[in-house]
Amino acid sequence: LLGTLAFGSYARHALEPDPRRGTPELRGIYWETVTAQAAAIAGADIVIMRHPQAAARIRAAFADLAGGA
């Protein structure tokens, strides 16, 4: 259940103010997307996405890998 940690206990790091890293919301989206990509590369059959924009990004990445648009 690695995906539950993306916005779980480690999310506090994404919420720390740091203007060099963008807004906390955008960092959360990137965090969840990268976590899902890492899980998929490691062999996960299913990833559970909580943020709609992160889900859209991972769908686009999977479609790109499959040769679609």
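Helices (H or I, at least four residues) and strands (E, at least two) are DSSP runs, numbered from the N terminus. Welcome to a chain whose secondary structure comes to three helices and zero strands, in the order α-α-α from the N terminus on. This is a predicted model, in which local features need pLDDT of at least 70 and side-chain atom pairs count only at pLDDT 80 or more, while totals for chains, interfaces and linings use all residues. Residues are numbered from 1 along each chain as its sequence is written, and side-chain values use heavy atoms, with hydrogens and water left out.

**The chain as a whole**

- Buried residues make up 25% of the 69 residues in the chain; buried means under 20% relative accessible area, exposed over 50%, and partly exposed in between (1.4 Å probe, protein chains only).
- Among contacts between residues at least 6 apart in sequence, 36% join residues at least 24 apart, where contact means heavy atoms within 4.5 Å.

**Helix α2**

- Helix α2 has 18 residues, which at 1.5 Å a residue should span 26 Å, and the 25 Å between its end C-alpha atoms agrees with that; the expected span of a helix is 1.5 Å times one less than its number of residues.
- The buried residues of α2 are Arg27, Gly28, Ile29, Glu32, Thr33, Thr35, Ala36 and Ala39.
- Tyr30 also lies in α2, but this residue counts as partly exposed because its relative accessibility is 40%.
- Tyr30 and Gln53 are 23 residues apart along the chain, and 9.2 Å separates their C-alpha atoms.
- After α2 comes Gly43, whose phi is positive, near 115°.

**Glu32, a buried charge in α2**

- Glu32, found in helix α2, is buried yet has no salt bridge; a salt bridge is a side-chain nitrogen of Lys or Arg within 4 Å of a carboxyl oxygen of Asp or Glu.
- The nearest side chain of opposite charge to Glu32 is that of Arg50, 5.5 Å away; for charge, Lys and Arg count as positive and Asp and Glu as negative, while His and the chain ends are not counted.
- The side chain of Glu32 does reach the backbone nitrogen of Arg50, at 2.6 Å.
- A polar atom of the Glu32 side chain also lies 3.1 Å from the backbone nitrogen of His51.
- Polar contacts such as these are pairs of N or O atoms within 3.5 Å; within protein, one must be able to donate a hydrogen and the other to accept it, and residues adjacent in sequence count only if both atoms are side-chain atoms.

- Thr33 is found in helix α2 and counts as buried because its relative accessibility is 7%.
- The side chain of Thr33 reaches the backbone oxygen of Ile29 at 2.8 Å.
- Leaving aside neighbours within four places in sequence, Thr33 is in contact with Ala54, Arg57 and Ile58.
- Gln37 also has its place in helix α2, and its 30% relative accessibility is why this residue counts as partly exposed.
- Not counting residues up to four places away in sequence, Gln37 touches Ile58 and Ala61.
- Gln37 and Val47 are ten residues apart in sequence, with 8.8 Å between their C-alpha atoms.

**Helix α3**

- Helix α3 covers residues 52-65, and its 14 residues should span 20 Å at 1.5 Å a residue, which agrees with the 20 Å between its end C-alpha atoms.
- Ala54, Ala55, Ile58 and Ala61 are buried in α3.
- Seen down the axis of α3, these buried residues fall within an arc of 125°, so they line one face of the helix; the arc is that of the directions from the helix axis to the C-beta atoms.
- What do the buried residues of α3 pack against? Their partner is α2, residues 24-41.
- Pro52, Arg59 and Asp64 are exposed residues on the face of α3 turned away from its buried side.
- Ala56 is found in helix α3 and is partly exposed, with a relative accessible area of 38%.
- Ala56 and Thr33 are 23 residues apart along the chain, and their C-alpha atoms are separated by 9.1 Å.
- Just after α3, Gly67 takes a positive phi of about 90°.
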